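Here is a short briefing to read with the structure open beside you.

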Amino acid sequence: MFQQNLASTLNESELIKISESKVAVVRSLWHQHITRKSLDTVINLARKYHIKQLQVYECVGAYEIPYTVKFILEKNQQPYDGIIVISCIIKGETDHYFFIAHSVINTLLQISVNYLTPLTISIITTENEQQALRRAIPSATNAFIALAKLMALHPTTININNHTN
């Protein structure tokens with residue numbers, strides 16, 4: 001149900017760009033029944049919008065994601081047009097999940113900016129498994145949409161003389 005509005009969310013140039021793209025997905029295997037649901041969503045969207053190539057890399061947990069992404073960017077002979085990261089971090093008895101999520105997301109931001117590679121995240125951070133399961137599909141769909149928009153990034157011209165707020 002959530003995916004049905006995707007075509008109306010992306011404009012024609014974004015749909016064309018995504019269909020011509022080579023995309024990598026980095027998925028952590030911690031809470032894999034949840035990250036599998038997100039991965040299935042991305043795979044279904046890739047099929048539906050005819051992505052040229054989708055390659056999946058898997059790592060143990062969220063903490064290993066930045067290394068995996070950097071490895072892909074530095075060691076791959078044919079660069080990817082974009083990367084989607086899928087992970088799930090559920091709060092335990094301590095604040096450990098906060099520190100992991102914070103460091104992973106900040107590191108991914110730096111990698112994306114330093115390599116000028118569109119990178120979007122579907123890193124679900126919740127207090128329990130039920131919340132994570134509910135967010136798996138919407139989070140992955142949002143990451144797919146954001147990646148299409150980043151890959152087709154182009155300026156919009158606004159006539160400032162006729163522009164109203």
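**Briefing: fold, helix packing and selected residues**

At 74% relative accessibility, Leu116 counts as exposed, because the cut-off for that class is over 50%. Leu116 sits in the loop that links helix H5 (96-115) to strand E4 (119-126). Please keep in mind that this is a predicted model.

**Overall picture**

- The protein has six helices and four strands.
- Starting at the N terminus, the order of elements is α-α-β-α-β-α-β-α-β-α.
- Of the 165 residues in the protein, 42% are buried.
- Among contacts in the protein with a separation of 6 or more, 80% join residues 24 or more positions apart.
- The protein exposes about 9,800 Å², and 53% of that area comes from carbon and sulfur atoms.

- Most residues other than glycine have a negative phi.
- Leu116 is not a glycine, yet its phi is positive, near 50 degrees.
- His50 also has a positive phi, of about 55 degrees, although it is not a glycine.
- You will find His50 in the loop between helix H3 (32-48) and strand E2 (53-59).
- Is His50 buried or exposed? His50 has 59% relative accessibility, so it counts as exposed.

**How H3 packs against H6**

- The axes of H3 and helix H6 (residues 129-151) come within 8 Å and cross at roughly 25 degrees.
- Angles under 35 degrees count as roughly parallel, and therefore H3 and H6 are described as roughly parallel to each other.
- The crossing of H3 and H6 is right-handed.
- On the H3 side, the residues that meet H6 are His33, Ile34, Lys37, Ser38, Thr41, Val42, Leu45 and Ala46.
- On the H6 side, their partners are Glu129, Ala132, Leu133, Ala136, Ile137, Ala140, Thr141 and Phe144.
- Sorted by class, this contact of H3 with H6 has ten nonpolar, four polar and two charged residues.

**Ser38, a buried residue in H3**

- Ser38 belongs to helix H3 and is one of the residues there that meet H6.
- With a relative accessible area of 1%, Ser38 is buried, because that class covers values under 20%.
- Which residues does Ser38 contact, leaving aside its neighbours within four places in sequence? They are Ile86, Ser122, Ile124, Ala136 and Ala140.
- Two of these partners, Ala136 and Ala140, are also among the H6 residues that meet H3.
- Ser38 and Ser139 are 101 residues apart along the chain, while their C-alpha atoms are separated by 7.5 Å.

**Ser21, a buried residue in a loop**

- Ser21 is located in the loop between helix H2 (12-19) and strand E1 (22-28).
- Ser21 is buried, with a relative accessible area of 1%.
- Apart from neighbours within four places in sequence, Ser21 is in contact with Ile51, Lys52, Gln53, Asp81 and Met151.

**Lys70, a partly exposed residue in H4**

- Lys70 lies in helix H4 (residues 65-75).
- Its relative accessibility is 37%, so Lys70 counts as partly exposed.
- Where sequence neighbours within four places are set aside, Lys70 is in contact with Ile111 and Tyr115.
- The C-alpha atoms of Lys70 and Ser112 are separated by 9.2 Å, with the two residues 42 positions apart along the chain.

How values were computed
Residues numbered from 1 in each chain as written. Predicted model: local features only at pLDDT ≥ 70, side-chain atom pairs only at ≥ 80, totals over all residues. Heavy atoms only, no water. Helix = DSSP H or I, 4+ residues; strand = E, 2+ residues; numbered from the N terminus. Buried < 20%, exposed > 50% of the residue type's maximum accessible area, 1.4 Å probe, protein only. Contact = heavy atoms within 4.5 Å. Areas by Shrake-Rupley, 256 points an atom, 1.4 Å probe, with all protein chains shown as cover. Axes fitted to C-alpha atoms, helices over the stretch in contact; angles between N-to-C directions. Parallel < 35°, antiparallel > 145°, perpendicular 65-115°, else oblique. Left-handed = near helix turned anticlockwise from the far one by under 90°. Nonpolar A, V, L, I, M, F, W, Y, C, P; charged D, E, K, R; others polar.
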